[in-house]
Amino acid sequence: MANQALTLVAALNLGLKQEMAKDKTVVCYGEDVGLEGGVFRVTEGLQKLYGNERCFDAPLAEAGIIGSAIGMAINGMKPVVEMQFDGFFMEGIPQMVDHAARMRNRSRGAFTVPMVVRMPFGGGIKALEHHSESMEAFFGHIPGLKVVIPSTPFDAKGMLISAIRDPDPVIFLEPKRLYRAFKQEVPEEEYFIPLGKAALIQDGTDVTVFAYGSMVRECQKAAIEAAKMGISCMVVDLRSISPLDRDAILYSAEKTGRVVIVHEAARTFGTAGEISMLIYEHLYGKLKAPVERVTGFDIVMPLLKGEDLYLVDSFRVLEGIKKVMGKM
Amino acid sequence: MDKLNTEMVQILTPEGRLNESLRPKELTDEVVFELYKKMMFCRMCSDRALKMQRSGRMGTFTSVEGQEALQIGSEFALKKQDWIVPAFRELAVMWAHGVPMEKIYQYWIGNEWGSHPPAGVHVLPVSIPVGSQMLHGVGLSWAAKLQGKDEIAVNYFGDGASSEGDFHEAMNFAGVFKTPTIFICQNNQYAISTSRMIQTASKTIAQKALGYGFPGVLVDGNDLFAMYAVTKEAEQRARRGDGPTLIEAYTYRFGDHSSSDDSSKYREKAEVEAWRPKDPMKRLQLYLASKNLWSEKIEEEMRAKFQVEVDAITEKAIAMPVQTVDEIFDYTYAELPAALAEQKNYLKNILLKKNG
């Protein structure tokens, strides 16, 4: 079968289409998911293909969507539900934390919740308030949840299929500014990207840069600039916040001895703090410089005119790289 | 069911008079006697659990006293494969639907295995956040409908839950998607200390169903006959594909909210005493006595027999092992992530050191 050049949105759509064809228990629902195909069109055409019973619009109620999906999952279905925006997920979080995450443990495995909650993630599209949130650290703090973030069309399809087949609840965060940012060859046939595995984006010898989601592209750009200055960067896409790929993190950090961790989310208690600590615990004495964090600020994401002030860009990443190289 | 009727369905009065014209045919005197025995057994188990709590052998416990007819009567209208979605005061319905009593004790003693029912028993674990479980019942029954399974789901919750957003979302989803769901509101007049009057300005909770496009019915929750009858009607509606029903079962919580509560702080003794004559057990005793199926002597013998059973259950529950280190880690995910494996190992080593 041929590969096609697809956007991230189209790759997700293809993955859903193929999983729904293979497995009749997969259903997609959420706000405007059925008829319209979602506000970002990830579920476009699915209702036409599979009917109103397998892809449909839900009443406008996030807790209702997630809570009902929990019941569905316990009784043999694989719901893939959409939160229209990351900020709206707040209304559904109690169901996720109180029940989806706990049902397996609470019932000692008698009842399980194989469901996927998909949502657009992060800023960068000049949207309204509550449309640009980065809450991955909070989700990663909840035992029982998996939290993954693809950064390419290829990964998006492979990770979505893995998420749908996963026996546990998965929060699937889709960097919304990458939805249509670029195209990539995506195989028509089935393939899996295992959840919890980081990806090496580019190898290097001087600095290791960890990122995920839309930050990966900023790090790649920064690495190109760094190379011009004679700095060789290793760029690692974590892809999964829970579980973290500890082996990849420790291997990559040790290899260069200099670490920059990049995320769009607020700084304090962010994932960079956790990853730094992991590195500190295992690689104390082996680093050539203190770990550098390049992150969002501990403020509310400004409204659209001021969004660029907040967002981490390749310039800030490069500054971080220069700092750990002692070239400031 | 008349949608605007706010009168309460009652078939057996507190004085033990039965309205024969409304009597469900399945409830022969013999069946009623058997159900009475179940109710008695559950009340004794609930009392024992409270005693276990008082003597430090159980954690917090929520007594079912006063709500036995409500739970045993409604459960009797269901099929084995139907789903029970409890809150936390559902000892009777959970047991009647197949969870062994020692498992129920095990949960309240503080071990997750108490929420692992035998295979094929469709009873979800106790759900503590008020009202949040109602959406699961909608999902369970919705999945059954989509897969063509002959299963319905029954949500149990209290009057306090009717104030929660999840109550609204669950009822709304059920109405929109016509799921085979029964909502049983156990209106026992209190959410801990807060009276039913503070939960809603609505005349009844049953009438809220109107806003969701399906029938609601107010029923005397202390009347076994009425509870069975209205649940049976709702069950048949659900099985026919006609969608959900809300049942407001009017009852009274004779005990404290939980073993940690002291209800004398917020309600008069006289109020509790005024409800005593409406006890669901008492009216059945009066009725069954009129059929020569009940007497003080029969009651005594029954209680003595159950006492032995409850003792055995208590012993069994107390003898159950505490959680192992493996158990508390291994059910977080289907597969243990590396970080959790490391933490588990750490705890095992610490315990080895600590315990020598």
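**Close-up views of a predicted two-chain model**

**View 1. Two domains of chain B.** The centres of domain 1 and domain 2 of chain B, taken over C-alpha atoms, are 37 Å apart. Domain 1 covers 20-321 and domain 2 covers 324-356. These bounds come from an automatic or database domain assignment. The model is predicted: local features need pLDDT of at least 70, side-chain atom pairs count only at pLDDT 80 or more, and totals for chains, interfaces and linings use all residues. Residues are numbered from 1 along each chain as its sequence is written, with chains lettered from A and ligands numbered from 1 in the order in which they are written.

View 2. Strand E10 (residues 207-211) of chain A runs parallel to E13(A), joined by 3 bridges (pairing takes at least two DSSP bridges). There, A:Thr208 stands opposite A:Val259. Strand E14 (residues 292-295) of chain A is also parallel to E13(A), through 4 bridges. A:Ile261 faces A:Arg293 in that pair.

**View 3. Surroundings of A:Ile321.** Beyond its neighbours within four places in sequence, A:Ile321 is in contact (C-beta atoms, placed from the backbone, within 7 Å) with residues including A:Val207, A:Val209 and A:Val260.

Terms used. Two residues are in contact if their C-beta atoms, placed from the backbone, lie within 7 Å.
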